[in-house]
Amino acid sequence: MSDPSPVRPAVPVLDVWCELQCPDCRGALDDVRALRARYGDRLELRLRHFPLEKHKYSFAAAQAAEEALEQGRGWEFVEAVLGRVAELDRAGEPFLVEVARELGLDAEEFDTALIDGRHILIVDADQAEGKAIGVSGTPTYVIDGERLDGGKSQDGLRERIEQIADRLLAAQE
């Protein structure tokens with residue numbers, strides 16, 4: 001017989017629906033950094049991909065982020081690319097490989113991953129899940145089942161995320 005009650009994760013999870021060519025996601029970087037600094041490993045921040053059709057390199061950038069994650073430097077790569085969105089707009093996929101090289105990642109493996117599409121299914125699955133739960137733009141955050149849309153304004157979102165995270169952490173004690 002199985003227990004029908006849902007199993008709670010060991011730590012609260014914040015899904016960050018992001019697109020690496022999105023200026024609004026770039027603007028949200030400070031909030032993401034602050035949340036990572038405040039909670040450390042007490043809050044799991046999961047990068048979720050939601051490439052937008054209006055950005056030519058967003059799908060490739062999402063695949064590259066997955067390769068960076070596989071190589072152990074996912075958030076560093078995401079922050080580096082978001083911090084230089086204009087360069088991605090101009091240079092495209094070669095820029096993603098260059099960022100990997102700058103971070104000391106295996107740039108040749110990045111190039112191969114973009115060619116062979118090994119991370120396409122992950123990106124597609126994230127995008128499909130995002131659409132299913134009502135994500136329509138980026139950044140969007142989901143914590144404890146609450147969706148917070150940051151595409152229009154980040155004002156107050158970090159505080160709301162902190163309130164929910166603090167409540168979840170207090171309930172675990």
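Two strands count as paired if DSSP finds at least two bridges between them, and that's the definition I'd like us to start with, everyone. Helices (H or I, at least four residues) and strands (E, at least two) are DSSP runs, numbered from the N terminus.

A quick word on the source: this is a predicted model, where local features need pLDDT of at least 70 and side-chain atom pairs count only at pLDDT 80 or more, while totals for chains, interfaces and linings use all residues. Residues are numbered from 1 along each chain as its sequence is written, and side-chain values use heavy atoms, leaving out hydrogens and water.

Let's go to the sheet. Strand S1, residues 13-18, pairs with strand S3, residues 140-143, in the antiparallel sense over four bridges. Within that pair, Leu14 stands opposite Ile143 in S3. The whole open sheet has four strands in the order S2-S1-S3-S4, with mixed pairing. At its edges are S2 (44-49) and S4 (146-149), each pairing on one side only.

Now the helices. Helix H4, residues 74-82, lies across S1 and S2, where contact means heavy atoms within 4.5 Å. And what do H2 residues meet in H9? Asp30, Asp31, Ala34, Leu35, Arg38 and Tyr39 in H2 meet Arg158, Ile161, Glu162, Ala165, Asp166 and Leu169 in H9. Those contact residues divide into six nonpolar, no polar and six charged. Here Ala, Val, Leu, Ile, Met, Phe, Trp, Tyr, Cys and Pro count as nonpolar, Asp, Glu, Lys and Arg as charged, and the others, Gly among them, as polar.

Thanks, everyone!

Notes. Axes are lines fitted to C-alpha atoms, for helices over the stretch in contact, and angles run from 0 to 180 degrees between N-to-C directions.
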